[in-house]
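Hello,

Here is the structure I promised to pass on. Please open it first, then read my notes below.

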Amino acid sequence: MSTSQLELKGITKQYPGVLANDAIDLAILPGEVHALLGENGAGKSTLVKIIYGVVRADAGEILWNGAPVHIANPSQARALGIGMVFQHFNLFDTLTVAENISLGIDEAHDLKVLTSEIEEISERYGLPINPHQHVHALSVGERQRVEIIRCLVQDPKVLIMDEPTSVLTPQEVEKLFETLQRLSSEGCSILYISHKLEEIQVLCDSATVLRGGKVTAHCTPREETPKSLAEMMIGSELPVCKRDGRALEGETQLSLHGLAIPSPDPHGTDLNGIDLTVRKGEVLGIAGVAGNGQKELLAAINGELISPRSDMIRIDGEGVATVSPARRRARGLAFVPEERLGRGAVPEMSLANNALLTSYQHEMVSPQGFIDFGHMRDYATRIRKNFDVRSDGIDAEAKSLSGGNLQKFIIGREIMLEPKILVLGHPTWGVDVGAATIIHQAIIDLASRGASVLVVSEDLDELFEICDSIAVISEGRLSPVRPTSETNVEEIGRWMSGQFADATQEVHHAAPA
Amino acid sequence: MLLRLEPRQTSSKWMQYATPLIAAALTVITGVILFTALGRDPFLALYTFFVRPLTSVYGIGEWAIKATPLLLCAVGLSVGFRGNVWNIGAEGQLTMGAICGGGVALAFWGNEGIWLLPLMLIAGAAGGLAWGAIPAILKNRFNANEILTSLMLTYVAIQFLGYLVHGPWRDPDGFNFPETRLFNDYGLMPVLVEGTRLHAGVILAVIVTIIVWIFMSRTFQGFKVQVAGQAPAAAAYAGYSQKGVVLLSFLVSGALAGLAGISEVSGTIGQLQPVVSPGYGFAAIIVAFLGRLHPFGIVLASLLMSLMYLGGESLQINLNLPLAVTGVFQGLLLFFVLGSEVLVRYRIKLTATPKEA
């Protein structure tokens, strides 16, 4: 066995109240694609930040080609040969691709030489990009290519990729994997962070699994099953969600009719004539690459964004598109927003107070306007119990909860209102597998009790698991709606890149106007 | 080397209560340095500033009288500040309250009854409320910055008062002094303690404080204000009207500032004069924050601020120091309150200057 390209020994990082990394050992061989696997809060981000010099470890050492090194900041990491592609891109919209890449290089260099270098790399690794294009005109997938090229011009020995596929269509993911495999065949090691198990099995040679800041396993993903990997991650038997095959013949409770709204955000996406209906008992999923109008669609349905005409959104056939969120709630709508802290919950208020946030129409406020604290606390306690919310009691501040626990609380709060219609934005984004299963089961159970559920998500596995029917949003337009059993990932993936014009005509007779 | 503020993971509850005390202590220490630099005996000066005003029953009465308008204004402002609505114009709303309430007294001059004082109080509160409504409407309608509009309207109100007492409302028997007639007995707040000027306004202020406390901590409207202040997106998500919170905050703080104005005019001055407040409406902003925006904290803070007014006068009379000392102390106090507030939430870190650009 050759010397590891990068080796970590006993890396430990203590944050106030959390031991984020506890004596972590990890070794990456040259040219290896190494997965770093773990639930949210397992310590993956902290560990890669230590490798990239963003955070300093309290103890432990980093070996580079067998020799101990000290990485004080990202520019030292880059000088060594470590590149990192962050989950959130750091690009300037108003600059060109080449200018953006130039900004990431520490040494003096010539922009013309760099441009030809970019063209060469883009050719060699199958990352098509025009160096002269402005970043604001690029798609999310193209922006990621810019980030990758930015790392590659520095000729890295180790490339860190943090959840790179969460913003890509299945086709783009395939492309990315080809690039990564090419890189690894040329001797560049890749540290690949993800919680998507199938991807890791396809791509990675070896894996280190973290749980609660500790390494729980080193394994070869191809020799494992998704189930066994998931169990290493969450440390117990994976719960499964059950659903009954129910017939969808109920009446329509929520419908959109030609919903068209310009986005208030100059970088947002305008909604462009969206039609859909959700029946009693139905779970309808809307897939799509981030930034294609999901945010606007959700805000329009909840009423934070007011539509131009009242009948564009109907609850039980009555137009509600111009009334306030409170009025829509009074008619039986509940909503789980994509941002938890600051929108779904008030960060510095207790869980008890956050229970009141949206449940105020349910006997928690007296006719004189006084809060019924007994009722409110009881409601918070029941949410906590029914949805297994792990917190320091109901007086804990919302911001003290982990993302998954807070999401369970918010979804629990909305579901326990027994809404007629539940709309969810990215319900399990960044939530660990265990919590996601609880959330999925609760959504399915609510639908079987007769609610209409609309789920907007980027996670296709999730949509195929819980939805009765699926549609895709792309550039503010909605694809035809297909029963889940009559479509597949390939078709939805194709639609995600906007190619559903033919399909629209083909199934037009099936979709009620 | 660079100084950097880094948020603390946990802000200590204990420290949150201690900050106002620490700030007060730092103010006193700075006072010692200040007086020493001025060549005065610092301890005599501090005694004269903080203790001497309270050595008589009359003095204690004055203490409560000056705390009254501060308390009324600050409790009202705290509602808005909790909701992230910045009414800086309590001084103007106070002045408008004095004008409207005083106007009632003058309108019924020579035709009084027991009903006069309640009517004046209602008119005063209504005047402040109406004046407060203007920046709220401008903000809701045109998204005009309420800090600017409420501040500018303060000067409009003060000029308007000046116009009235120099012109149409001037006392016809007043030898051309810019003052209105003295209010009749029915238009004056009853005195509570013989030998002092302590008037019923202080009871009013305490009752109002309790009502505001109940409103903020027990009612759903109060909860909405706090959500709007802490997380505007959550308020929008849950369907709370942001405009409603702006309007409510301004109406409450405006009405209470107006009440402070008429209580001051009918309790201590007894007539309208070109200046009815030494800046209570502005000092109340400091009081509100010093009291951590909590009604009971604000009671203590308004007593401290009132003592500073008395202390300044006492220094002027006894040690011949300028009245501006009061302003200096107010400024120091606000500086230390805000400063220690920052340090409770953040820690200072020394970092090496980064090499890369």
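First, the ground rules. This is a predicted model, where local features need pLDDT of at least 70, side-chain atom pairs count only at pLDDT 80 or more, and totals for chains, interfaces and linings use all residues. Residues are numbered from 1 along each chain as its sequence is written, while chains are lettered from A and ligands numbered from 1 in the order in which they are written.

**Overall form.** The C-alpha trace of chain A spans about 70 × 50 × 40 Å along its principal axes. Its radius of gyration is 24 Å, which agrees with the value near 24 Å for a compact globule of 513 residues. That radius is taken over C-alpha atoms, and the globule rule is 2.2 Å times the number of residues to the power 0.38.

**Build.** Chain A has 17 helices and 21 strands. These are DSSP runs, numbered from the N terminus: helices are H or I with at least four residues, strands E with at least two.

**Domains.** Chain A is divided into domain 1 (6-234), domain 2 (241-332 + 420-513) and domain 3 (341-418). The bounds come from an automatic or database domain assignment. The C-alpha centres of domains 1 and 3 of chain A lie 37 Å apart.

**Contacts with chain B.** Here, 29 residues of chain A are in contact with 18 residues of chain B. Contact means C-beta atoms, placed from the backbone, within 7 Å. On the chain A side, α10 (325-330) and α11 (351-359) each supply at least two of the touching residues.

Best wishes

Conventions: Contact = placed C-beta atoms within 7 Å.
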